[in-house]
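Subject: Structure for you to look at

Hello,

Please find the structure below, followed by notes on what turned up in it. Read them with the model open beside you.

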Amino acid sequence: MPRVVVKAIFGNIRFQCQRCGSCCHHKRPLEFDDLIPAEQIEDFWRSSNLIYLTEKDVHAISNRTGMRPPDFVDTLYDYSECYVKIEDEGRRVILDLPVLKSKEDTTCVFYQEGCSIYSVRPIACRLFPFRVEEETLDNGDILLNISYNPTCPGIGKGKMVDRKKLEGLVAEQFLLRTEDISPHIQKLNSSGEIASGARIYRTLPGRGRKRSSSI
Ligand code: SF4
Ligand code: SF4
């Protein structure tokens, strides 16, 4: 079994959210373009953001708001509650991770002069301004390196960051995401849709070997 190592790669820093709302205006980076079907790119850039969701997040938000998941969840393709796409005759397995939809002005659909779902906000929102770079080593071990976004005005203010607590939250997010995709991978594997030696692309799919792992 591969090991998963979570590590905050920064020294002691302070953080206190200033509630400026800028982290609620995220867009996907250009790196995703190579995986988006050409006919969907325009729509994708207009309506997607980078707030990853676990199934637990989706259910909590749906229960709290009464909204159906397709009304607030987006993925690289169409949201169909299956987070895995197979390409290249089974050799390329893309984790079609769900994210929150955005309004026309790029703001999260739940932003209304502040977060309107604060008590059930996704784990990714609870993590910000900390971010996770996922890397799969040649021996299969997975590194989850935690850094932070220095443009957040809350950095350097308030209390010292509790690194253990932060690492625990990152590990929880990774575990939940793994639990979300495992049944889909197993099903596709048993039906022979995934070729032997196929690579799984995670987080920033299609951007080179070190961000992927074999199955
Ligand atoms: S986490 Fe940072 S960017 Fe987001 S609302 Fe708080 S201060 Fe602003
Ligand atoms: S869910 Fe709330 S905290 Fe997260 S991006 Fe949307 S408005 Fe911001």
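Glu89 sits in the loop between β5 and β6; helices (H or I, at least four residues) and strands (E, at least two) are DSSP runs, numbered from the N terminus. This is a predicted model, in which local features need pLDDT of at least 70 and side-chain atom pairs count only at pLDDT 80 or more, while totals for chains, interfaces and linings use all residues. Residues are numbered from 1 along each chain as its sequence is written, and chains are lettered from A and ligands numbered from 1 in the order in which they are written.

Glu89 has a phi near 50°, a positive value in a residue other than glycine. Most residues other than glycine have a negative phi. Glu89 counts as exposed because 9 other C-beta atoms lie within 10 Å. The cut-offs are 20 or more such atoms for buried, 12 or fewer for exposed, and partly exposed in between, with C-beta atoms placed from the backbone. The strands on either side, β5 (residues 84-87) and β6 (residues 92-95), pair in the antiparallel sense over 4 bridges; two strands pair if DSSP finds at least two bridges between them. They form a hairpin with 4 residues between them, and Asp88 in the turn has a positive phi of about 55°. Val84 stands opposite Leu95 in β6.

Glu113, in the loop between β7 and α4, also is not a glycine and has a positive phi of about 55°. Glu113 is exposed, because it has 7 C-beta neighbours inside 10 Å.

Next, the sheet. β1-β9-β8 is the order of an open sheet of 3 strands with mixed pairing. Its edge strands, β1 (4-8) and β8 (130-136), each pair on one side only. From one strand to the next the twist averages 20°. β1 and β9 run parallel and are joined by 5 bridges, with Val4 opposite Ile142 in β9. Helix α5 (residues 163-190) packs on the sheet and touches β1, β8 and β9; its direction makes about 140° with that of β1. Axes here are lines fitted to C-alpha atoms, for helices over the stretch in contact, and angles run from 0 to 180 degrees between N-to-C directions. Contact means that the C-beta atoms of two residues, placed from the backbone, lie within 7 Å.

Which residues have the most contacts inside the largest nonpolar core? They are Ile51, Leu53, Phe72, Leu100, Cys108, Val109 and Phe128, in a core of 21 residues. A nonpolar core is a set of buried Ala, Val, Leu, Ile, Met, Phe, Trp, Tyr and Cys residues joined through C-beta atoms within 7 Å. A second, separate core of 8 residues includes Val84, Ile94, Ile194 and Ala198.

A cis peptide bond joins Phe128 and Pro129, with omega about 15°.

Regards
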